[in-house]
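Here's a walk through one protein chain, written for someone who is new to reading structures. Have a look at the picture first, then follow the sections below.

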Amino acid sequence: MTHLDVKTDYDSSLTTEDSSEETSMTRSSVLGDTIFYQIREINRVYMKQLQERLAEHQVSIGQWFFLVALWNKDGITQRELSAMVGTMEPTTVTAIQGMERSNLVKRQRDDKDRRKMNVFLTKRGKELELPLKQIEKDVTENCLENISVSDLAQAQFVLGQIQGNVSKK
């Protein structure tokens with residue numbers, strides 16, 4: 001099978017509801033057969049499940065990404081944090097402000113370059129690392145249940161190839 005054989009025809013999946021005589025395009029019938037829609041749906045459901053569990057600790061999904069970056073490298077600048085998480089700097093500043101209000105991080109002027117603001121985890125931010133990483137592990141394991149290691153490795157390989165293709169365009 002070549003990439004041309006992969007289903008991408010959205011129009012052929014339209015359904016009609018008898019009661020309204022209107023064409024109804026449902027997510028599953030129109031987009032469900034494409035790999036990119038499947039990736040989107042998997043991500044959407046995974047993020048929803050992760051958010052629900054993170055909320056038990058009063059942490060949002062947006063804050064989660066910044067926490068992971070800071071657990072990896074605490075005390076980095078706001079600009080470095082933006083680059084690590086993949087957000088625009090104004091978005092990062094807004095997120096950091098919310099995280100400060102939630103006592104997850106604190107900002108401090110850089111000792112060597114007073115123009116820079118470094119972001120540090122608070123005691124609470126550090127203490128949440130193990131329980132939140134366990135939540136992520138649990139959600140991930142739930143999503144990957146009944147998938148063999150070899151199937152998962154193959155899926156990751158193919159997704160990596162797709163990611164490389166879209167990154168170079």
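Predicted model: local features only at pLDDT ≥ 70, side-chain atom pairs only at ≥ 80, totals over all residues.

## First, a word on contacts

When this report says that two residues touch, or are in contact, it means that they have heavy atoms within 4.5 Å. With that in hand, take Gln 63, which sits in helix α3. Leaving aside residues up to four places away in sequence, Gln 63 touches Gln 58, Gly 98, Met 99, Ser 102 and Leu 104. Gln 63 and Thr 92 are 29 residues apart in sequence, yet their C-alpha atoms are 9.8 Å apart in space.

Is Gln 63 buried or exposed? Buried means under 20% relative accessible area, and Gln 63 has 11%, so it counts as buried.

The chain's average pLDDT is 86, and 80% of the residues score at least 70. Which elements mark the two ends of the confidence scale? Strand β2 (residues 23-24) has the lowest mean pLDDT of the elements, at 39, while helix α6 (residues 123-127) has the highest, at 98.

There's one stretch to read with this in mind: over residues 8-25, pLDDT stays under 50. The model has 22 contacts beyond four places in sequence for that stretch.

## The overall layout

So what is the chain built from? Its secondary structure comes to 8 helices and 5 strands. If you start at the N terminus and read along, the elements go β-β-α-α-α-β-α-α-β-β-α-α-α.

The chain has 169 residues, and buried ones make up 26% of them. Now look at contacts between residues at least 6 apart in sequence: 44% of these join residues at least 24 apart.

## A three-stranded sheet

Three of the strands form an open sheet in the order β3-β5-β4, with antiparallel pairing. Strands β3 (76-77) and β4 are at the edges and have a single partner strand each, so one side of each has no neighbour in the sheet.

Let's go through the pairs. Strand β3 pairs with β5 (residues 117-121) in the antiparallel sense over 2 bridges, and Thr 77 stands opposite Asn 118 in β5. Strands β4 and β5 are also antiparallel, pairing over 5 bridges. Here Lys 106 has Phe 120 in β5 as its bridge partner. Helix α5 lies across β4 and β5, and runs at about 115° to β4.

Which backbone angle is worth a look at Gln 58? Its phi is positive, about 55°, although Gln 58 is not a glycine. Gln 58 is in the loop between α2 (35-54) and α3 (61-72). Its relative accessibility is 56%, so Gln 58 counts as exposed. You've met Gln 58 already, as one of the residues that Gln 63 touches.

Asn 103 is another residue other than glycine with a positive phi, near 60°. You'll find Asn 103 in the loop between α5 (89-101) and β4 (105-109). With a relative accessibility of 41%, Asn 103 counts as partly exposed.

Not counting residues up to four places away in sequence, Thr 122 touches Asn 103, Leu 104, Val 105 and Lys 106. At 10% relative accessibility, Thr 122 counts as buried.

## The largest pocket

Rolling a probe the size of a water molecule over the atoms shows where empty space is left. The largest pocket has a volume of about 810 Å³. It is lined by 20 residues, and the closest to its centre are Ile 42, Leu 144, Leu 152, Ala 155 and Leu 159.

Which elements give two or more residues to the lining of the largest pocket? They are α2, α7 (129-143) and α8 (149-167). Helix α8 supplies the largest share of the lining, with 8 residues.

Terms used:
Residues numbered from 1 in each chain as written. Heavy atoms only, no water. Helix = DSSP H or I, 4+ residues; strand = E, 2+ residues; numbered from the N terminus. Buried < 20%, exposed > 50% of the residue type's maximum accessible area, 1.4 Å probe, protein only. pLDDT = per-residue confidence, 0-100. Pairing = 2+ DSSP bridges. Axes fitted to C-alpha atoms, helices over the stretch in contact; angles between N-to-C directions. 1 Å grid on protein atoms, 1.4 Å probe; cavity = no way out; pocket = protein on both sides within 12 Å on 5 of 7 lines; lining within 4 Å. Points joined across faces, edges and corners; volume = space filled by probe spheres on them.
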